[in-house]
Amino acid sequence: MAEPEYRRLTKTRVRRKGAFAITATRTSLWLGNDHLLSIDSTGYTEEYKRFYFRDIQAITICGNQRRVVWNWILMVLLIPCLTWIATMLFSAGAADVGLLITSGVVTSLFAIPLIVNNLFGATCNCYLRTAVQVVELASLSRIRRAQKALARLRPLIAGAQGELSAEEIPARLRALAQDVKPVVAPQSKPEIFVIDDPNSPPQSPH
Amino acid sequence: MTAPTIQCPKCHASLFEGVFNRTDPVPCPACQRPLQIEVFPALFRKMASGNTGELILTEGEAACFYHPQKKAVLPCESCGRFVCGLCDCELNGRHFCPSCLEAGKTKGKIKNLENRRTLYDSLALSLSLLPLLIFYFTVITAPMALFISIRYWSAPRSLIHRTKVRFIFAILFSSLQIVGWGIGIYFLVSNHG
């Protein structure tokens, strides 16, 4: 059997382009022979972006507060549910089994996402930089997963571009920043007008 | 074009040392947000200047198809026309003229230029399954699903490996719906008759 052209790098994740889920697309990353393929899928169409290993300049993983925010939201929703269960369990008289099951199901709706959110680890935004663009890789939303993907990408990019030691980067970055000087447009000489007669239009001295 | 320096995505402070090619995230010196930045040699590579093409100096030299006054440097790998340095479009080591490159993109002949595909197999399967929720719609959607399945049977599917199983199921379900409607209409007509 022929080897597939693309190997999966990340699982499919939802990328929301708007406030509503109807505009959400699913995004995933795939490894090609000489490039990284990003697929944005609506289910009926797919959009592709190719990042050739020889063109990738940098990959940035930046931690964010998304996990903490979701933890707070889920905990705020979970506390009343836990209170509800505790009230039923410790109240005088036999607890209604049906109500207990209902409250358990409702509690699990918030408890399971809370556990999963913390099991997956810290959240992040991941960016890929080329000479012409900086693209967010939405499918890499957890630091641990992003680091795993980076570990797979690193040797492929190094194979296409060569190695770069961490010690030489600062000096080369400074040199690069100094090389690019801002281009200032030459200022045109202001035109001088002679006004001898206040009623006549302005005239050039020559 | 992107800025020549690496910046923190959050606070946009220019970063020069301490955060590059580490194994674990380190706080950004400006905003303290955890950062892990992997820098590759392409960042320091100079952008290649574009070739404008040489003018023909001696008579009898091959000229560019698009610029008769310029010297041809190689033939297009698709159409064979001679092109000058200005018209030579290189893509993964292959050389094309601008019109072949454009045609390759619009007609999908050059796979690496394709940036969008319609998944007709998913469309056909959805058309054959989703309208079952409101059964009466299937009288329209079942023939549509069957038509799409047959019309786009050979159309390119997703770039990532995908089989024709969606088309097969779409044909199966839509055919069953059409047969169901046929039997229903037959019984209606025969009962009234």
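This is a predicted model: local features need pLDDT of at least 70, side-chain atom pairs count only at pLDDT 80 or more; totals for chains, interfaces and linings use all residues.
**Figure 1. A:Glu46 stands opposite B:Arg117 in strand S9 of chain B.** Residues are numbered from 1 along each chain as its sequence is written, and chains are lettered from A and ligands numbered from 1 in the order in which they are written. S5(A) and S9(B) pair in the antiparallel sense over 3 bridges; pairing requires that DSSP finds at least two bridges between two strands. Helices (H or I, at least four residues) and strands (E, at least two) are DSSP runs, numbered from the N terminus.

**Figure 2. The side of chain B that touches chain A.** Here 38 residues of chain B are in contact with 44 residues of chain A, contact being C-beta atoms, placed from the backbone, within 7 Å. S4, strand S9 (116–118) and helix H2 (120–129) of chain B each give two or more residues to this side. With 6 residues, S4(B) gives the most. By type, the side holds 21 nonpolar, 10 polar and 7 charged residues. Ala, Val, Leu, Ile, Met, Phe, Trp, Tyr, Cys and Pro count as nonpolar, Asp, Glu, Lys and Arg as charged, and the others, Gly among them, as polar.

**Figure 3. The largest nonpolar core, of 39 residues.** Such a core is a set of buried Ala, Val, Leu, Ile, Met, Phe, Trp, Tyr and Cys residues joined through C-beta atoms within 7 Å. Buried residues have 20 or more other C-beta atoms within 10 Å of their own; exposed ones have 12 or fewer, and partly exposed ones lie in between. Among the members that touch the most others are A:Ile56, A:Cys126 and B:Phe40. Elements supplying at least two residues include helix H3 (143–161) of chain A and strand S4 (34–39) of chain B. H3(A) provides the largest share, 5 residues. B:Ile37 touches A:Ala58, A:Thr60, B:Ile6, B:Val19 and B:Phe20, leaving aside residues up to four places away in sequence.

Figure 4. H2(B) is largely enclosed by the rest of the structure, because 8 of its 10 residues are buried. Among these buried residues are B:Tyr120, B:Asp121, B:Leu123 and B:Leu127. Their cover includes S9, helix H3 (138–151) and helix H4 (165–192) of chain B. Chain B has a mean pLDDT of 86, with 97% of its residues at 70 or more.

How values were computed: Two residues are in contact if their C-beta atoms, placed from the backbone, lie within 7 Å. pLDDT is the predictor's confidence in each residue, from 0 to 100.
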